[in-house]
Amino acid sequence: MKYRLLALVALLSAAVPVSAQEAADGGLSPFAGDIGNAVWTLVVFVLVVLVLGKFAWRPILSLLQQREDFIHQALTDAKRDREDAEARLQEMAAKLQAAQGEALHIIEEARRDAERLREELKQKARTEADQMVRNAERQIQLDTTRALQQIRKEAVDISVAIATKIVQRNITREDNERLIDDTLKQMEAMHS
């Protein structure tokens with residue numbers, strides 16, 4: 001294609017005889033009044049335009065059109081990719097927000113569970129403490145009742161012993177005080 005263009009330009013330049021003398025005389029000027037020269041100049045110009053149109057401009061315009069189509073396609077692809085990226089970004093942001101909400105829900109649920117467990121443990125500890133206090137009170141009451149029964153029994157035994165001693169002998173006042181002191185000492189010895 002290049003060679004054809006060069007051959008055509010060479011042919012056209014050979015068809016129009018140009019010499020330095022004619023250029024100096026002003027014979028080649030299209031406005032010099034020479035109709036023959038003007039016609040040849042016009043014919044050469046039209047041929048150059050046709051040749052360039054067929055062999056140069058059309059391929060150049062075709063390449064330019066391909067380049068323009070490529071640029072339009074690249075812009076369309078870039079716009080589509082940008083929209084896809086924005087959609088993915090929004091989707092990821094929504095997923096992240098949902099995950100954060102879920103995490104907060106899980107944390108809140110864990111707090112509620114921990115609070116409930118703490119309350120259950122406190123209640124259980126109170127119940128066990130109350131049960132221990134009731135058991136201790138019962139045990140104290142039982143021990144007190146037993147001690148009182150033991151004291152009554154011992155008091156009865158001592159009273160019987162004193163009464164037996166009083167009856168067996170004639171007691172003076174001093175004997176009575178000594179007898180009471182001895183009995184109290186015996187009771188103290190039994191309890192210690």
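Trainee: Hi! Let me start with aspartate 143: what does its relative accessibility come to, and what does the residue count as?

Mentor: Hello! Aspartate 143 has a relative accessibility of 37%, so this residue counts as partly exposed. Keep in mind that we are looking at a predicted model.

Trainee: Noted. Which side chain does aspartate 143 meet in a salt bridge?

Mentor: That of arginine 146. The N to O distance in this salt bridge is 3.6 Å.

Trainee: And why are aspartate 143 and arginine 146 separated by about one helical turn?

Mentor: Because the two sit three residues apart in helix α3. While we are on salt bridges, there is also a network to look at: Asp77, Arg80 and Asp81 are joined into one by bridges that share partners.

Trainee: Nice. How many salt bridges does a search of the whole structure find?

Mentor: Ten of them turn up when the whole structure is searched.

Trainee: Let me pick another one. Which residue forms a salt bridge with glutamate 119?

Mentor: Lysine 122 does, with the closest N and O atoms 3.7 Å apart. Glutamate 119 and lysine 122 are three residues apart in helix α3, so about one helical turn lies between them.

Trainee: What do these two count as, starting with glutamate 119?

Mentor: Partly exposed, since glutamate 119 has 35% relative accessibility. Lysine 122 also counts as partly exposed, at 39%.

Trainee: Then there's arginine 111. Which residue is its salt bridge partner?

Mentor: Glutamate 108, and the closest N and O atoms of that pair are 4.0 Å apart. Both residues belong to helix α3, and their spacing of three residues is about one turn of the helix.

Trainee: Is arginine 111 buried or exposed?

Mentor: Exposed: the relative accessible area of arginine 111 is 55%, and the cut-off for that label is over 50%. Glutamate 108 has 37% relative accessibility, so it counts as partly exposed.

Trainee: Let's zoom out. How many helices and strands are in the secondary structure of the protein chain?

Mentor: Four helices and zero strands. Going along the sequence, the pattern reads α-α-α-α.

Trainee: What share of the 192 residues is buried?

Mentor: Buried residues account for 6% of them. As for the surface, the protein chain exposes about 16,500 Å², and 62% of that is supplied by carbon and sulfur atoms.

Trainee: And the contacts? Of those between residues at least 6 apart in sequence, what percentage join residues at least 24 apart?

Mentor: That comes to 44% in the protein chain.

Trainee: Back to the surface, then. Which residues form a nonpolar patch there?

Mentor: The members are Ile35, Val39, Trp40, Leu42, Val43, Phe45, Val46, Leu47 and Leu50, and together they have about 900 Å² of accessible area. One of them, valine 39, lies in helix α3, which spans residues 35–168.

Trainee: How exposed is valine 39?

Mentor: Partly exposed, with a relative accessible area of 46%. Patch members need over 30%, so valine 39 at 46% passes that cut-off.

Trainee: One last topic, isoleucine 162. Where is it found?

Mentor: Isoleucine 162 is in helix α3. Leaving aside residues up to four places away in sequence, it touches Leu179 and Thr183.

Trainee: And how far apart are the C-alpha atoms of isoleucine 162 and asparagine 176?

Mentor: The separation is 9.1 Å, for residues 14 apart along the chain.

Trainee: Great, thanks for the tour!

How values were computed
Residues are numbered from 1 along each chain as its sequence is written. This is a predicted model: local features need pLDDT of at least 70, side-chain atom pairs count only at pLDDT 80 or more; totals for chains, interfaces and linings use all residues. Side-chain values use heavy atoms; hydrogens and water are left out. Buried means under 20% relative accessible area, exposed over 50%, partly exposed in between (1.4 Å probe, protein chains only). Contact means heavy atoms within 4.5 Å. Accessible areas come from the Shrake-Rupley method with a 1.4 Å probe; for residues, only the protein chains shown count as cover. Patches are made of residues with over 30% relative accessible area and no salt bridge: like charges are joined within 9 Å, nonpolar side chains (Val, Leu, Ile, Met, Phe, Trp, Tyr) within 5 Å.
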